[in-house]
Amino acid sequence: MGGRGFVLVRGLPVFDMTPDEIEVAYWALGRHMGEPAPQTRGGDLWGHVRDTGELAANPKVRLYKTTKRQDFHTDGADVVGLLCLRKARFGGISQSVSSASLYNEVIRRRPDLLDTLYEPLWWDRGGEYLPGESPTMVLPICSLKSGALRVFYIGWYIRDGQQYPEVPRLTPQQVDMLEIIEATANDPAFYLDMDFEPGDIQFLNNSRVLHCRTEYEDFDEPDRKRHLLRLWLNIPAGRPPA
């Protein structure tokens, strides 16, 4: 929380453990840092990051359930943990970029977008809402908490919010802002590659790091397909005061 915003822990002996033992070990490690947070409206505390084969029938399926690329984004908790159980045949590389470096470069290239970064935007909630709740939410990309920068970004949720007639249309400056954020994050000068091996755990601070997953080709055999176990953690003691 006070350093670079990420760590890669290597060597959990996943091939020598049962699935239950893996979950207990991963859960215990996470609990040393914070409180597990639900990842869906149904309250799921585990996220299985793997291709479910749904994409052909459901084009709105969440991208972590497909082999497709996920562009740079943050998740909905203070920290996201990803434990590699099995890696893909090709691809599926994790990429990370500092949100502070990204912010500074966007302002350097387009100083006129400074205020736009702090404007409220309407986001699609990706189907994660209860009956009677709004399918959208309103948030800025950037906010300051006691002088500390916090960045929350999921570009496709912002663009998907435009499907609702009651949502204000994105302004030309807001469109430019989304494009320059993504162009900068995808510049190899800014991002770091991490190729997971089974037993590796990546922990990322979502307010300080954006992450991406490249497209991948999987194995044909079901028991060899890429599979990561995701854990979200909230760490109130590590946040800047409101």
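Leu29 lies in helix 1, which covers residues 19–31. In this predicted model, Leu29 is partly exposed, with a relative accessible area of 33%. Together with Val7 and Val9, Leu29 makes a nonpolar surface patch of about 190 Å².

**Largest pocket**

- The largest pocket holds about 1,100 Å³ of space.
- Its lining consists of 45 residues, and those nearest the centre of the pocket are Arg62, Arg125, Gly126, Glu128 and Tyr157.
- Several strands each supply at least two residues of this lining: strand 4 (70–73), strand 5 (79–86), strand 9 (136–139), strand 14 (209–213) and strand 16 (227–234).
- Helix 4 (155–160) likewise supplies at least two lining residues.

**Cavities**

- Rolling a probe the size of a water molecule over the atoms shows where empty space is left.
- There are 2 cavities of 30 Å³ or more in the structure.
- The largest cavity contains about 70 Å³ of space.
- Residues lining the largest cavity include Ser99, Leu102, Tyr103, Val106, Leu117 and Ile141.
- Also among them are Cys142, Val151, Tyr153, Ile181 and Leu210.
- Helix 2 (residues 99–109) gives the most to this lining, with 4 residues.

**Helix 5**

- Helix 5 runs over residues 172–185, and its 14 residues should span 20 Å at 1.5 Å a residue.
- Buried residues of helix 5 are Gln174, Met177, Leu178, Ile180, Ile181, Glu182, Thr184 and Ala185.
- One of these buried residues, Ile181, is also part of the lining of the largest cavity.

**Salt bridges**

- Side chains of opposite charge can pair when their charged atoms come close.
- The structure holds 17 salt bridges.
- Asp71 pairs with Arg69 in a salt bridge whose closest N and O atoms are 3.2 Å apart.
- Asp71 counts as buried because its relative accessibility is 17%, under the 20% limit.
- Arg69, the partner of Asp71, is partly exposed, with a relative accessible area of 33%.
- Asp78 forms a salt bridge with Arg150, and the closest N and O atoms of this pair are 3.9 Å apart.
- Asp78 counts as buried at 7% relative accessibility, whereas Arg150 counts as partly exposed at 22%.
- Lys87 and Glu197 meet through their side chains in a salt bridge of 2.9 Å, N to O.
- The Lys87 and Glu197 pair also links distant parts of the chain, the two residues being 110 residues apart.
- Lys87 is in the loop between strand 5 and strand 6 (90–91), and Glu197 is in the loop between strand 12 (191–194) and strand 13 (201–205).
- Lys87 is partly exposed at a relative accessible area of 28%, and Glu197 is partly exposed at 36%.
- A network of salt bridges links Glu105, Arg108, Arg109 and Asp187.

Key
Residues numbered from 1 in each chain as written. Predicted model: local features only at pLDDT ≥ 70, side-chain atom pairs only at ≥ 80, totals over all residues. Heavy atoms only, no water. Expected span 1.5 Å × (residues − 1). Buried < 20%, exposed > 50% of the residue type's maximum accessible area, 1.4 Å probe, protein only. Patch = residues over 30% accessible without salt bridge, like charges linked within 9 Å, V, L, I, M, F, W, Y side chains within 5 Å. Areas by Shrake-Rupley, 256 points an atom, 1.4 Å probe, with all protein chains shown as cover. Salt bridge = Lys/Arg side-chain N within 4 Å of Asp/Glu carboxyl O. 1 Å grid on protein atoms, 1.4 Å probe; cavity = no way out; pocket = protein on both sides within 12 Å on 5 of 7 lines; lining within 4 Å. Points joined across faces, edges and corners; volume = space filled by probe spheres on them.
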